[in-house]
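Have the viewer open and follow along.

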Amino acid sequence: MSWLPKSPKARRRLTLVAAIAPVLILAVALTLWGLGDSVSFFYTPSQAAKARPPAGRSIQLGGLVAQGSVVKHPDGQVEFNVRDQASVDKVVFQGDLPDLFREGQGVVAVGAFRGDGVFEAKRVLAKHDERYMPRELTKALKAQGEWRGDGATPAYAQPASDKGGS
Amino acid sequence: MIAELGAFALTLGLVFSIAQAALSAAARMRRSTVLAAAGEGAALAAFVGVALAFAALIHAFVTSDFSVANVAANSHTEKPMLYKVAGAWGSHEGSMLLWCLALTGYGAAAALLGRSLPRGLRAVMVSVQGGLGTVFLAYTVFASNPLARLASPPVEGRSLNPLLQDPALAIHPPFLYAGYVGMSVVFSLAVAALIEGRVDAAWARWVRPWALAAWSLLTVGITLGSFWAYYELGWGGWWFWDPVENASFMPWLVAAALLHSAIVTEKRGALAGWTVFLGLAAFSFSMLGAFLVRSGVLTSVHAFAVDPKRGVLLLIILGVTCGSAFALFAWRAPKLGQGGLFAPVSRESALVLNNILLAAATATVLLGTLYPLIREAMTGESISVGPPYFNLTFTPLMAGLLILLPAGPLLAWKRGDAWGVAQRLWVAVLVALAAGLAAYALVSPRKAFGAAGLAVGAWLIAGVVAELVERTRAFRAPAAESWRRLVALPRGAWGMTLAHLGLGVFVLGACYETGWKAEAAETLSRGGSLNVGGYHLVLDQVGDVDGPNYEAERALIHATRAGRPVCTAEPERRFYPAGGQTTSEVAICYRGLSHLYVVLGERRDKAGAPVWLVRAYWNPWATLLFFGPVIMGLGGLVSLSDRRLRLGVARRREQPA
């Protein structure tokens, strides 16, 4: 194998490069592919209305659960509206809601819009204690001037009666 | 009073850390053994100070002293004792104190056990460890004091988040932190080696036990955390590629790479610079984890309360510490010298490949974890990177690593014999192929990927056996001789065997569970039923129970298989009045290695009668997911008990044949 460098040091270096290069190429290619394909965007309803994500594309929809909009069907299907200041989206979800799901509070629904504009959620995340709220949601609410500090509810989401949620 | 004494002890700890850094640095410059001894004494004193502060915090929690802000925010008189104690590290402030305790503890241990190190190296190491202690203690004292008093104490505390009231969660942070922070000794040793300009076999032999100890503890900590997420969150999964999980997984991967590269440095003197680099990287990833968990920059179910100010402070600490360490590396590394030569096919090359794959896998996890931040900073769009990304990038790299793994230990140093290794592994190849084909043909539904995964798991385990056969010359030498060889194997070899075996067990569990788990959800009234994974579950009744600090609905769900009763699951749905929170308590029926996992959901009304949403999962071989890593961690500890790898032992010894 005469094309190999003569010096043992150079040979070792060549071996290392030959071992590292394919792994790096593989890692970079996989990463670019993965980041192009499997990131999911976060929208509030009004951002979603503007961005118009195509039906079936997985996104996260975050906002407040509109008062009085939660309908729980006995078969496990749940319908509710997620809203921000400007826009409302209807969400359907089959399954068990998170333990801290309430009307008037922030949620993030992970799923995709259907052709008819209804958001079909595969998973619903609610804040997991009284101090936690998804960061994207906090930011979006702050940007819209709806942020009233932790635990407070925006004016339009205040319950008419005192019974807040389920 | 005790809280004040604790705060004072914490401040003393900070002062002693500063003294430790300064005295040891002076000792190195003046080559003074007296100053060096003083520096080591300061390291010990710093640890005692922080330990007293920690004891004071636990005391405040146990006695429900709500005049301490941290206790008022995270404890409640009605909380069970275990969680009162665990509450001490359940909050941001308390966990930073635990971090400082581990950091000063490792500092004291390194100072005490460092007798066999060269004096200069040892003094610099103790000094760097003191510097780290100073930075983190200063942060704790000035920016997140866990013992700060409230001006007007409340009568009752706010309670710990009920999701966190769980034995696995109560005990996993100490393991995790002991693992995380154990990397600090490796970091200090790496910096010391760079300053001294010398990395040799003795250095590598000294670094490896610390890395082993930290890695083993981190393995146990991650496993406990994952087990907690598995049964407490009630989502039926065990790993979510959550940023906080990744934060502990990245140092684990780097430490695993370090353990392997340190062998090359120890045995062959090669890869010195790279090993030092990994030593710096391991603790940098630990600090990155501390930042990610506390900064609130990433959305996570595990993250501590959001406080950007503290996040910025931690980011500054991270930037300064890592920045200066890597700058030192760039400056000094070329002086570390070249090691022995090796052929393309050799044990060295196998370990290099192992390191490349582990490093590339770490890089993909890092990028996936930080990409949302980078993207948002650049475009303002909020995105999240979920499991699909990690499955796509991490899994192929790991698959490559796992497929190559059994060959590594069979290759000779310097120049290996690929054909000879292939001959020794052909039985393992057959076992793997048979396992894969059997899984594909016999387990329904047929899944090619799952079967391939099981084949890889079988390959790993068969490879470990093949390696043991090779070492003991079983089937070729007389049985008595093989037995003698088996018994005479060094503990380090047993450690490696166990760690690789544990990995194989984990891969088997992960692939079987992921490939063939089943899930069902139904709304059931009393007497209603659902089917999952061949089991028939009947909701018998739902009753009320009272816990120490919660009220619960508890269901009795009878499971049968082919008409025969199997077990009764009793999942609960708990309500904690102190925080107004509801949690689900999962019931798991252990069926051999597999789990029947039942979650009681919300109560609803259907035509006036109550119905409950019940979710059930069939998680085949899920026990192996947690058992495998435990074997791995055990392997690390067995290695650690090897005479040559005990903490603090670094004398040059002849390798037994």
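A disulfide here is a pair of cysteine sulfur atoms within 2.5 Å. By that rule, B:C567 and B:C589 are joined, S to S 2.1 Å, and a search of the whole structure turns up 1 disulfide over all chains. The link of B:C567 and B:C589 is right-handed, with 100° about the S-S bond. It ties together distant parts of the chain: B:C567 sits in strand β6 (residues 564–569) of chain B and B:C589 in strand β9 (residues 587–591) of chain B, 22 residues apart.

Some housekeeping before going on. This is a predicted model, where local features need pLDDT of at least 70 and side-chain atom pairs count only at pLDDT 80 or more, while totals for chains, interfaces and linings use all residues. Residues are numbered from 1 along each chain as its sequence is written, chains are lettered from A and ligands numbered from 1 in the order in which they are written, and side-chain values use heavy atoms, with hydrogens and water left out. Helices (H or I, at least four residues) and strands (E, at least two) are DSSP runs, numbered from the N terminus.

B:C322 is in no disulfide either. For burial, buried means under 20% relative accessible area, exposed over 50%, and partly exposed in between (1.4 Å probe, protein chains only).

| Residue | Relative accessible area | Class |
|---|---|---|
| B:C589 | 6% | buried |
| B:C100 | 0% | buried |
| B:C322 | 10% | buried |
| B:R574 | 12% | buried |

B:R574 lies in strand β7 (residues 572–576) of chain B. Contact means heavy atoms within 4.5 Å. Leaving aside neighbours within four places in sequence, B:R574 is in contact with B:Y550, B:E551, B:A552, B:Q581, B:T582, B:T583 and B:E585. B:R574 and B:D544 are 30 residues apart in sequence and 9.8 Å apart in space, C-alpha to C-alpha.

Now the helices. Axes are lines fitted to C-alpha atoms, for helices over the stretch in contact, and angles run from 0 to 180 degrees between N-to-C directions. Helix α5 (residues 92–113) of chain B packs on helix α6 (residues 119–143) of chain B at about 165°, with their axes 10 Å apart. That makes α5(B) roughly antiparallel to α6(B); the cut-offs are under 35 degrees for roughly parallel, over 145 for roughly antiparallel, 65 to 115 for roughly perpendicular, and oblique for the rest. Residues making the contact include B:W99 and B:C100 of α5(B) and B:F136 of α6(B). By class, this contact of α5(B) with α6(B) has 14 nonpolar, 6 polar and 1 charged residues, where Ala, Val, Leu, Ile, Met, Phe, Trp, Tyr, Cys and Pro count as nonpolar, Asp, Glu, Lys and Arg as charged, and the others, Gly among them, as polar.

α6(B) also packs with helix α7 (residues 167–196) of chain B, at an angle of about 130° and with the axes 8 Å apart. α6(B) and α7(B) are therefore oblique to each other. Their contact involves, among others, B:V128 of α6(B) and B:F187 of α7(B), and its residues divide into 12 nonpolar, 4 polar and 1 charged.
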